[in-house]
Amino acid sequence: MKILQVNASYKPAYVYGGPTMSVAKLSEQLVKAGHTLAVYCTTANGSNELPVTPNKPAVIAGVTVTYFKRITKDHTHFSPALLTNLWHTARQFDVIHIHAWWNLVSVFAALIGLLKKFRS
């Protein structure tokens, strides 16, 4: 199964705790179980940005993660680059798992899923 995890943050953004850690652990276990998995997240790390190369997939503990720059430094984590990429790639996945509904990344990712008529 080809799975996409969408979350505003991913490790090493440990400042956020819960969702960052649970999405990372879940992703690592799904890869170990033999699934093809990707993570789309932002460069968010509190009021700072992670020292990563945006828009370029990186393998973190066996998981392919693409970090996208955010344009806000608050809890909204708005990232036009992430959403644009999702718009173009959504249909490549069997499942899109969207986490943390309290930010704009998640809300607009769900809207993209609806507009693309993505059903799982």
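Which residues does asparagine 85 touch, not counting residues up to four places away in sequence? The answer is Tyr40 and Phe68, where contact means heavy atoms within 4.5 Å.

## What we're looking at

This is a predicted model, so local features need pLDDT of at least 70 and side-chain atom pairs count only at pLDDT 80 or more, while totals for chains, interfaces and linings use all residues. Residues are numbered from 1 along each chain as its sequence is written, and side-chain values use heavy atoms, with hydrogens and water left out.

Let's start with helix 1, residues 18–32. Helices here are DSSP runs of H or I with at least four residues, strands are E runs of at least two, and both are numbered from the N terminus. The expected span is 1.5 Å times one less than the number of residues.

Thr20, Val23, Ala24, Ser27, Glu28 and Leu30 are the buried ones in helix 1. They sit on the same side of the helix because they cover an arc of only 165° around the axis, taken from the directions from the helix axis to the C-beta atoms. Buried means under 20% relative accessible area, exposed over 50%, and partly exposed in between, with a 1.4 Å probe and protein chains only.

What do the buried residues of helix 1 pack against? Their partners are strand 1 (2–6), strand 2 (36–42) and strand 6 (63–68). After the helix comes glycine 34, with a positive phi near 100°.

Asparagine 85 belongs to helix 2 and is partly exposed, at 25% relative accessibility. Glycine 113 is 28 residues away from asparagine 85 along the chain, with 12 Å between their C-alpha atoms.

Histidine 88 is also in helix 2, which covers residues 80–89. Is histidine 88 buried or exposed? It's exposed, with a relative accessible area of 59%. From histidine 88 to tyrosine 16 is 72 residues in sequence and 28 Å in space, C-alpha to C-alpha.

## A nonpolar patch

Trp87, Phe108, Leu111, Leu114 and Leu115 make a nonpolar surface patch of about 470 Å². Helix 3 (residues 104–115) gives the most, with four residues. Phenylalanine 108 lies in that helix and counts as partly exposed at 31% relative accessibility.

Key:
Patch = residues over 30% accessible without salt bridge, like charges linked within 9 Å, V, L, I, M, F, W, Y side chains within 5 Å. Areas by Shrake-Rupley, 256 points an atom, 1.4 Å probe, with all protein chains shown as cover. Salt bridge = Lys/Arg side-chain N within 4 Å of Asp/Glu carboxyl O.
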